Amino acid sequence: MGAWRHAGAVQFSDQLRRRSPDELRTLLRLRPDLLDAVDGGWGALARRASSPISLSRTLVDADIGMLVVLEALVVAGRSTVAELDELLGTDDPIGVTDAIERLVARALVTVDAGIVRLAPAVGPMVTSALGLPMSVIDLWSELPVPTRAALIERAGLDATDELPPRLVARAVAARLRRTNIVPVLRAEGPGGIAELLDRILDGRGAVHVPSALDDGLGPALEWLVVEVGAVTSDDAEVIGVPRDVVMGALGPLAPGAALRPPGLVPLTGPPADGVQGSSAQAAGRLLDLMDSVVRAATDGTLSVRRDGAIGIREVRRLAKAFASDEREIGFVLELALTARLLVRLDQIVAPTDLAGTWATLPRWRRWEVLVRTWLDQQQINPLIGEKIDGRTVGVFDHLDLVTVGAPARRHLLATIDRVAVGEVLDPEALAAAAVWRQPNRWRLPVARPEAWVGWTVEEASRFGLVVEVGPTAVLGAVLSAASGAEDELHDAARALLGEDGEHVVLQSDLTATALGAVTPELTATLDLVADRERVDGAARWRFSEATLRRALDRGWTVEELRDALDRVSLTGRPQPLDYLIDDVARRHGRIRVLPASAVIVTEDDVTAITLAGLRRADRIGLRLIAPTVLTTTAAPEDVLDELRAAGHMPTMDGDVLRLTTTAPTVETFHGQDLPADWLGAGLDPGVHDDELAEAVLQLAADDPGPASVDEIGAALGRGVGRQVRLRLAGERIVRGVLLAVDPVAVLDEGGVELVDLARVAEVELG
Amino acid sequence: MSGPLVVAGADQLLLRTDHPEAERCRAELARFAELVTAPESLHTYALGDIGLWNAASAGLSAESVIDTLLRYSSAPVPHGVLTTVTDTMARFGSLTLRRAAEGLVLAGDEPALLDEVLADPAAAALVELRIDSTSALVLDERRGALKQRLVELRHPVDDLAAMSPGLAHPLRLDADLDLRTYQRDAVASWVPSGSGVIVLPCGAGKTVTALAAMASIGAQTLVLTTGQAALDQWRRELLRFTDADPADLGEYSARRKELRPITLTTYQQLATRRRSGVRHLDEVQAGDWGLVIYDEVHLLPSAVFQLTAGLQSRRRLGLTATLVREDGREADVFALVGPKRFDVPWKDLEAQGWLAPAVCTEIRVTADRAELLAHAHAEPATRPAVAAAVSAKRRVAERLLARHEGEPALVIGTHLDALERVAAELDLPIVTGRTPANEREQRYGELRAGRLPALVVSNVANVSLDLPEVSVAIQLSGSWGSRQEEAQRLGRIVRPKADGRPAHFYTLVANDTVEVDLARRRQRFLTEQGYHYDIIDADAIA
């Protein structure tokens, strides 16, 4: 088998070498992980392309048309298009051809002289379009000897003792796929086998063990395990029969599996103006909610469960506070944590330094950061608030269930973007198309693939990328940014959210209202001197004694307060607001008592929150009394020890029991490094054209490449009747008198050898 | 686009009042959106179910509403807002109630709609019989409850069933009474349907408008009022402006239990029972009323909703200055009394001279050290009373009365001890809840006649007190920042004056006391209603 693999790899490298530069670029774009192998030349490229990891990366994005054809090839071996069409029963040779072209582009099959073959190592990697369990080829080495013997017998093979085990396994698999052995199993098995087999065929090769046992099918199950090598899945509750057995009974095609994608017909949607308005409204709401959630975390009261998830109670609390719902708040929290605006500490969630940076960006830039994060985010968690296993799902909870993957999200958005702004797609048709396009991405636990697609659309609409399953103007820009059109995205984001304003309307009802987006500086000022009343729509703040006192607590003077309000007001300073300021100023600062044995002053509020959130804080009685000030009633020496033990560097400051500390440089804030693409170095981890062109040039330099088949054919045409030396793919040399060109016939001492013209790599005429 | 409107969401339509088109836009918005706040620069409107259904019931189309939003908006209107308009308005009238041969029939546009609403167990229980796929039979006594439930399900029914005429009782308006144009319009809007609410600002003559409605119906009428003072006021107006025979006027109250062709009662009375356990409500309901009038319908208590649910075959007229209810039961008013039929902003009436312009002023007084200490030591619940009694208020009130000499004035407050002290110190008579009715009327009469320069009054004067020539109100204290109280007190003085002088509404607030915060809450409401007020220090009052 080793020799076979080697030969296969070499053959495959020749196949790759024959690709035109355009085809090669396409291959590298579709399988970008191959770029890493370019340095090693064609051989390395072929080996990488045949590696399980590379193949699994490619196959996870294969569409149902490709998977169906691959499966037919696994069953039938090399075939012509007509044969595949007949085997599939599709009566759609063009559909088969299209699927093959997509497979060829990805180097998953090769086509020589009309014969379609699986590329090396692809067969075992093919994920059934049916989602069937493993093949006996992959199971063989793990199967008990009696099971192997039973399978060999049922496959009708004999004299296999001398053959390598893998060859036997392949032979058994091939026979089983062609032969329906289910009637035989029904006839031979113990009581209950017929029902069990029906369940297995209905379940596409799998059966739920506990219910089978409950129904008295245990003996049949045990018998089947021994006879056909059924195996247990990861969760131990499902037993799967080898796919070869099921395919023998069902055929290779899943019912309804189509070679072509379902049609998508654009429908008339909301008018373009309405789309833009809704898009801006959604984007604005998301930003406001994010801002509110991040600010809500600054007081250190947003707690984390022991398992790292944020419990549903916290989510509900925020949802109530911000007139939202669990799903929306959950989404915002997960986005905030993924974007590293928030970080989970020991017991609480706290804002990071990045949150501070983010808050200083213009609104449209803040939106860009969030949308980029989301596009690359792996998880989607629509289950927040749902009960699973008796527990309500919280934020960053059950992530094993919620991975959709960025590529699926991008493809889905690209599909939506194909229709014009003002047109929409039927949600069910879109879901069907998305699932056809990437079935392996959307097959997820808990819900049907269509539901996952719907949830992803819902998330997109939260950014204003999608309105009523139709694209918005900004969606195209986001997708274009993936290919480097950054300016286009900036322009679209600006158009969506507008430039930040520097003024608000101050009114006698003690409110400040923004008629659009305002600068982060203005937002920060208003957040200090007033309370935000609305988190969506036109932002509105309300002044009160408490809010103005807050500003004075921060060291603002009354004059500074008035100056600041004068600067930002479009409408002057209303008299009631003036009186309110006076009322507060008159009473402010009269009393200040701080009972404490030690005061800890930190350099920033995040550090203070971190300290307050430490489990050790309880032990030393730390209390957060101001944004950067904590007090304790513990002995200063104990405080010093505990803070040092927690990784801080406290120092005594004079004799007033004052401690200065700096934030720890390890553990809690490890997530604060600015990600390279955080502000837009590129949306798509995919490959840019320049990189592809360079790779192709590099491969060309490694080997100028073989002559084309036509050139080889032409050369051979001139040598009929003459001595030739042919180097075949696989490096074998054939010498003799050339009798014919296609197929190539060479007469040597052993007789006439026939060779596919496509396999001839070099010709030397004597 | 450069219109005056910013549509930030269905519940946040911001109107820039300094925009040249603001007035036109406001007039159009008033047809379908509820004014939420109206401070000086930005007015906030909201699109809600009730407002849009009111608009639909008035014949406004969704296209017309959308056209207004698009025409005046300064930025693209979110599509969600437009679909909210379309969906919500389409719901009104898709279900109807009509009188047919078999009885009262609930009918839907299409079978699916009736299936949907009757899938609700509560709604299904109120339906007697499914006649066919699009109609069902409803018993008369369940008519109100069903309408309420359908509003809760967001499928408001258009009640087109004919009203019971009730026993006839002709009533004519006094020949000298010249109804104002808007009062005629209000009655004309209400009469065709015979149910619904007329919204007029305080001082705009709601009672007279209701009398005109009574005259146009000419049937026995039950009038539900907010209290004894209001009931007395109604009686006075009936006798003054109509040809009602006093013998035909009945009073069903704590002091009398008369049921006559025109019966006046109070919400409180209907919510209680006789000692025998019989509900007053049931006794009153037994009358063959051709019209039921709900004065200050925004105060309609829950118990009376029950009565109203049982009176769905009678004509119903709600009167109010605001549809906003503190308990959020606007939908019940819509379902049981009826949609808003008429509304006119007070600004319009002020511009037309039907309301006196009001000058609102908050005057800050300084409590002395002893008073501040007493305030500091007081329990939180009693601090307002301590603040109300700050002596400087009396001095300021005196100066204000002197400033407005010759103008009838009210000195209003909530805390009786403080009021009595001020009355004694200013040598003015006082009217409180404890004052006998005849003495109250005598005092009011003296004030009207100009024999008294001013009157000290408690909360009894908050509603239904008609003192048209009073143009000065000095508010010494209020009830924990009640929004309604502030508007009602202001409403006492905005009746237009013969000489065209403006009304002055003063609020005295003691610095550094709980009053500052309470006053701020009350004034927020006034500001949101569009009134402007100035704050000055007591020293500025000469």
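User: What are the helices here, in terms of DSSP runs?
Analyst: Helices are DSSP runs of H or I with at least four residues, numbered from the N terminus. This is a predicted model.

User: Why would residues three or four places apart in an α-helix point the same way?
Analyst: An α-helix has 3.6 residues a turn, so residues at that spacing face the same way.

User: Changing topic. What nonpolar patch is there on the surface with A:L739 in it?
Analyst: A:L739 forms one together with A:L747, A:V752 and A:L754. Their accessible area together is about 370 Å².

User: Where is A:L739 found?
Analyst: In strand β24 of chain A, which runs over residues 733–740.

User: Which strands does β24(A) pair with?
Analyst: One is β23(A), residues 723–728, in the antiparallel sense over five bridges. Another is β25(A), residues 744–748, also antiparallel, over three bridges.

User: What joins β24(A) to β25(A)?
Analyst: A hairpin, through three residues.

User: Which bridge partners does A:V737 have?
Analyst: A:V737 is the partner of A:Q723. In β25(A), A:V737 is partnered by A:L747, and A:L747 also belongs to the nonpolar patch.

User: On to chain B. How many helices and strands?
Analyst: Chain B has 22 helices and 23 strands. It has 542 residues, and 56% of them count as buried.

User: What about the accessible surface of chain B?
Analyst: That comes to about 21200 Å², with 51% belonging to carbon and sulfur atoms.

User: And contacts in chain B: what share join residues at least 24 apart?
Analyst: The share is 71%, taken among contacts between residues at least 6 apart in sequence.

User: Last topic, cysteines. How many disulfides over all chains?
Analyst: Zero, from a search of the whole structure.

User: Are B:C25 and B:C360 buried or exposed?
Analyst: B:C25 is buried because its relative accessibility is 0%. B:C360 is at 3%, so B:C360 counts as buried too. The cut-off for buried is under 20% relative accessible area.

Note on methods: Residues numbered from 1 in each chain as written. Chains lettered and ligands numbered in written order. Predicted model: local features only at pLDDT ≥ 70, side-chain atom pairs only at ≥ 80, totals over all residues. Heavy atoms only, no water. Disulfide = S-S within 2.5 Å. Buried < 20%, exposed > 50% of the residue type's maximum accessible area, 1.4 Å probe, protein only. Patch = residues over 30% accessible without salt bridge, like charges linked within 9 Å, V, L, I, M, F, W, Y side chains within 5 Å. Areas by Shrake-Rupley, 256 points an atom, 1.4 Å probe, with all protein chains shown as cover. Salt bridge = Lys/Arg side-chain N within 4 Å of Asp/Glu carboxyl O. Helix = DSSP H or I, 4+ residues; strand = E, 2+ residues; numbered from the N terminus. Pairing = 2+ DSSP bridges. Contact = heavy atoms within 4.5 Å.
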